[in-house]
Amino acid sequence: ICESPLRTPECMSGGTICEATMMLQSSALLFTLLFAGCWAQDEADLVTSVPGLIGIPNFKHYSGYLQAGPGKYFHYWFVESQNNPSTDPLVLWLSGGPGCSSMEGLLAENGPFHLNDNGTVYLNPYSWNKLANMLYLESPAGVGFSYSISGNYQTSDPQVAEDNYKALQQFFSKFPSFASNNFYVFAESYGGVYAPSLSQLIISRSTNINFKGMGVGNGMTSYALNDQSLIYFGYYHGLFGDDVQLASWSQCLSWFLQVYSALYQIQDTGLNIYDLYGQCYGGVGSSARYAADVSNLFLAPLPSLPPQQEDTSIPGVPRCINGTAMYYWLNDPTVRAALHIPRSIQTWELCSSTVGSLYQRVYMDMSPFYQDLLQRNVTLLLYSGDVDMACNFIGSKWFVEALNQQVVSQYRPWFYNNQIAGYVEQYEHITFLTVKVKTVSLNEKVTLGTSGLLGGHGVFVLKTTGLTVSLTCYL
Ligand SMILES: *[C@@H]1O[C@H](CO)[C@@H](O)[C@H](O)[C@H]1NC(C)=O
Ligand SMILES: *[C@@H]1O[C@H](CO)[C@@H](O)[C@H](O)[C@H]1NC(C)=O
Ligand SMILES: *[C@@H]1O[C@H](CO)[C@@H](O)[C@H](O)[C@H]1NC(C)=O
C-alpha cells in the first residue's frame, strides 16, 4: 500500500498513515476511510477492465471527469507511461473539430488501445504511452462524453482555451504527483487553434505546471495560408485541369472563383481530403468540407452551393472516415461503465455537430501565439502527414517560415528503417517536419485500421528516441 502507484505526497510521506492502514486492515470501515484519505480521488477513476481487450495492460489508466468551469465537465482518459511514469513526460492530447473527440487519438491514432473490426481491442505497439504519460481530453463541453449541466454548447476559441486550462488545473489536483513531470501540449487539426491558445495561458499564468513545449499535427495555423497552399497542393498533385492556372494569381477574383469550382469538383469525385491516396469510406461524398475551406479564401460568404448529401449511417462521422468501430465500442454499456461514464451522458459521437455548428471561430491566424511562445523559449513542433488536404503540409511550412526564426538545420530528409520517412527543417525554437507516411512500416492492423488515415491525416509514428507524429485535421 505504501508503495502507492499513485505516488501522492500523502502516501509517499505518510509513514504513519500507511502503517496504521496495514494494522487496521481487518476493520473494513476504517480501512475504507484511510484508504480514501491516503489514495487521492483519482483512484475512483482507475479503469480496471477494458472490455474486449485480451490480456492486461502493463500500465495504469484512469477515466473520469475534470471540471472545466461552472457546470462544465470534460471527460478525460489518462494512460500512464509504459516506461517510467514518474519521470516520463506528461502529454496532453487534443483532437480537433471543432467538436471532434480526442478518443479518436486514443483508439485510432497514437493511443494504446486500438480496435479490431469485430469490436475487440488490441494494444497498439506504437502507442505514445510507450514513452509518455498521455492525457486525452474531450473538449469542449458537448464533445464525446463531455457535458455541460446547462446544456448550452455554444463556445468560442478563447473560451475553449480557458476551459481547457481549468480542466488541466483539475487534472493536477487529481494527480498532484504529475505536476513535476515535463509537460507538453500536443494537438492535431483544429487543435492547432486549441494548443497555442492553451499553451499561452499556461505559460503566462501557471507556476505549478512544468511546461516545456507544444506539438501540432496537420494543424490549423492560418486560414489564409491553409487555403492558398491547398491550391498548390492540388495543382501539383494533378487534381485540377486547365481551369486552374497558378500563373494567373494576379487575376485574383476570377482565379479564386476558378479554384473554388475546382476544389468543389475534387470533392465530388470522392477524394478523401484527409488522405489523398487513401480510400473514401462511403464513396463519393458531399462538398461540405471544401465549401468551408474555400470560404476562407474570401473570408466572406460564397455563392450558394448545391444541397449537401448527408451520410446518416452513423452520426457525427466526417466524410470519408469510417468511425464504425469507435462508435459501437464507446457506446457499449459495459465500456461506458468501465470508463465511469454515467448513464445520463449522451451517446458518444466522433464529432459533435451541435458543438461544431454553434462554435465561434475567433482566431484566424495563430502566429501571435507562436511568436509569444517563441519569445519564451518554448520548444515547438509542427508536423504534417504529406498527403493530407484538410490542413496540408505546404500551409504549415509557409506558416513556420513566416515566423522568421533563425534556421538551425536546413530542410533535409529524416529516416526510419533505412528509408526516407519525411523531411525536417529546424529553426531555433521551432521544428517543421513532414511524414511520408506510406514508407513507414506500421503493422498491418494499423494500416488497415478503422480510421484509415495513415496516408495523410491520422498517422502517428513512434520513434524510440522521442515523440513524433500523428495527423488528423477536421476543420
Ligand atoms: C468500417 O469499419 C468496420 C468496423 O471496423 C468494418 O467492419 C468495416 O468493414 C469497415 N468498412 C469499410 C468499407 O472499410
Ligand atoms: C477479432 O479480430 C481479431 C483480429 O482480426 C482476431 O484476432 C480475433 O480472434 C477476433 N475475435 C473474435 C472473437 O472474433
Ligand atoms: C530565451 O533565450 C534567450 C537566449 O537563449 C535568452 O536571452 C532569453 O532571456 C530567454 N527568454 C526567456 C523568457 O527565458
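This is a predicted model: local features need pLDDT of at least 70, side-chain atom pairs count only at pLDDT 80 or more; totals for chains, interfaces and linings use all residues.

Reader: How are two packed helices described?

Author: By the angle between their axes and the distance between the axes. Helices (H or I, at least four residues) and strands (E, at least two) are DSSP runs, numbered from the N terminus. Axes are lines fitted to C-alpha atoms, for helices over the stretch in contact, and angles run from 0 to 180 degrees between N-to-C directions. Here helix α5 (residues 157-174) packs on α6 at about 55°, with the axes 9 Å apart. The two are therefore oblique to each other; angles under 35 degrees count as roughly parallel, over 145 as roughly antiparallel, 65 to 115 as roughly perpendicular and the rest as oblique.

Reader: Which hand does the crossing of α5 and α6 have?

Author: Right-handed. A crossing is right-handed if the near helix is turned clockwise from the far one by less than a right angle, and left-handed if anticlockwise.

Reader: At what angle do α6 and α13 cross?

Author: The axes of α6 (residues 191-205) and α13 (residues 367-375) cross at roughly 40° and come within 9 Å. This crossing is left-handed. In contact (C-beta atoms, placed from the backbone, within 7 Å) are P196, S197, S199, Q200 and I203 of α6 with F369, Y370, D372 and L373 of α13.

Reader: Is L373 buried or exposed?

Author: A residue is buried if 20 or more other C-beta atoms lie within 10 Å of its own, exposed if 12 or fewer, and partly exposed in between. L373 has 24 and is buried. Its C-alpha atom is separated by 6.7 Å from that of Q200, 173 residues away along the chain. Leaving out residues up to four places away in sequence, L373 touches residues including M214, V378 and L380.

Reader: How many bridges join β8 and β9?

Author: Two strands pair if DSSP finds at least two bridges between them. Strand β8 (residues 183-188) and β9 have six, in the parallel sense. V216 in β9 is the bridge partner of A187. Five of the seven residues of β9 (residues 211-217) are buried, so this strand is largely enclosed by the rest of the structure.

Conventions: Residues are numbered from 1 along each chain as its sequence is written. Chains are lettered from A and ligands numbered from 1 in the order in which they are written. Two residues are in contact if their C-beta atoms, placed from the backbone, lie within 7 Å.
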